[in-house]
Amino acid sequence: MLKSLLRYQSSGANVSENHTRKKLYESGVTNSLQSNFALLLKLSEELLDKWLTYPESQHVPLGQHMLGFAMKSVTQMVMGSTFEDDQEVIHFQKNHGTVWSEIGKGFLDGSLDKSTTRKKQYEDALRQLESILKKIIKERKGGNFGQHIFIDSLVHGNLNDQQILEDSMIFSLASCVITAKLCTWAICFLTTSEEVQKKLYEEIDQVFGKDPITPEKIEQLRYCRQVLCETVRTAKLTPVSARLQDIEEKIDKFIIPRETLVLYALGVVLQDPSTWPSPHKFDPDRFDDESMMKTFSLLGFSGTQECPELRFAYMVTTVLLSVLVRRLHLLSVEGQLIETKYELVTSSKEEAWITVSKRY
């Protein structure tokens, strides 16, 4: 779907090629997370240190902080050490914001083509992002680097330069937004459910104690995974999804030809009361039930069909929550009403504010 919205036209794309590229995506996510776990932990701890300096009365602009954290994390893990420089991150974030806002709105309602100014701003921003990626792709092809980043998996796959550019662009764009919004919504729900936050803290304390956070122990955080699954479901994080039809199929009277792009109304399915009891309630315990997890998996939110960008976001958010909840109580701001804005990725209409207090 993103490829279509970006108007990328890869030649020769077919089901087999898309499966191959999906496998490259998956290995890219796994390898970049493993190779950059220490970086992810460092960035999470930097945010914790910042929040630890705040007085309990200070309102924290959650969405703003999560976007900054996601941009720093994703750019370095996907595109490498260029983005250790905060100015490079800020430059990327500005262009990313211009492109993403038009993908989410301008293409869908047709308004982009009606505004010469907006269209030029969008095309300039996209060109700058492509220029950055082309430079990084060229460097990674010619060098030998200690840290594995996401782009390396594409560079070492059997892809041409245009395919590498397209896939790294799509992954970069989507991962930044999905990671930022998953972190934001997860913390929002934790601030409004003291019992869930308490249970998550107890799991983190049981798994890590006073020991360092490690990739091996992160895998033991089952309840944290339930919290993130329920965050995705309750927030309707990605209200629309798309997938190419692998084989020709008949649904009722309709034939869906092979390689048709099929849109899924996930925002409806994720809160269907016939599947999810009390669908508007934030209840991570519902994912204790294996049948619920299986239903979620079939929708592409876990297991073999999971969106690579979301799998990336799950790990980043798990590390961040482990670091924050271990040391802080996350608290809501009294009287705040968070209204939802549904686009390609769901967000709050206005800034979400929280406060924090120290556990010890």
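How are α3 and α14 oriented to each other? In this predicted model, the axes of helix α3 (residues 37-52) and helix α14 (residues 308-327) cross at roughly 40 degrees and come within 9 Å. Angles under 35 degrees count as roughly parallel, and α3 and α14 are therefore oblique to each other. The crossing in which α3 passes α14 is right-handed. On the α3 side, the contact comprises F37, L40, L41, S44, E45, L47, L48, W51 and L52, which meet M315, V316, V319, L320, V323, L324 and R327 in α14. Classified by residue type, the contact of α3 with α14 contains 13 nonpolar, 1 polar and 2 charged residues.

The axes of helix α4 (residues 62-79) and α8 come within 8 Å, with a crossing angle of roughly 140 degrees. Since angles over 145 degrees count as roughly antiparallel, this value makes α4 oblique to α8. Here too the handedness can be stated: α4 passes α8 in a right-handed crossing. From α4, the residues L62, G63, M66, L67, F69, A70, M71, V74, V78 and M79 take part in the contact, and from α8 the residues F171, S172, S175, C176, T179, A180, C183, T184, I187 and C188. The contact of α4 with α8 has 15 nonpolar and 5 polar residues, and no charged residues.

The largest nonpolar core contains 111 residues, of which L6 and W51 touch the most other members. Helix α8 (residues 161-192) supplies the largest share of this core, namely 18 residues. W51 is also one of the α3 residues in the contact with α14. For L6, when residues up to four places away in sequence are not counted, the residues touched are V99, I103, Y122, L126, M169, I170 and L173. In soluble globular proteins, nonpolar side chains tend to be buried together.

A loop position was also examined. E248 lies in the loop between β2 (241-244) and β3 (249-251). The relative accessible area of E248 is 55%, and exposed means over 50%, so E248 is exposed. Apart from neighbours within four places in sequence, E248 is in contact with I255, I256, P257 and R258. The C-alpha atoms of E248 and E259 are separated by 8.1 Å, the two residues being 11 residues apart along the chain.

Key:
Residues are numbered from 1 along each chain as its sequence is written. This is a predicted model: local features need pLDDT of at least 70, side-chain atom pairs count only at pLDDT 80 or more; totals for chains, interfaces and linings use all residues. Side-chain values use heavy atoms; hydrogens and water are left out. Axes are lines fitted to C-alpha atoms, for helices over the stretch in contact, and angles run from 0 to 180 degrees between N-to-C directions. Helices (H or I, at least four residues) and strands (E, at least two) are DSSP runs, numbered from the N terminus. Angles under 35 degrees count as roughly parallel, over 145 as roughly antiparallel, 65 to 115 as roughly perpendicular and the rest as oblique. A crossing is left-handed if the near helix is turned anticlockwise from the far one by less than a right angle, and right-handed if clockwise. Contact means heavy atoms within 4.5 Å. Ala, Val, Leu, Ile, Met, Phe, Trp, Tyr, Cys and Pro count as nonpolar, Asp, Glu, Lys and Arg as charged, and the others, Gly among them, as polar. A nonpolar core is a set of buried Ala, Val, Leu, Ile, Met, Phe, Trp, Tyr and Cys residues joined through side-chain atoms within 4.5 Å. Buried means under 20% relative accessible area, exposed over 50%, partly exposed in between (1.4 Å probe, protein chains only).
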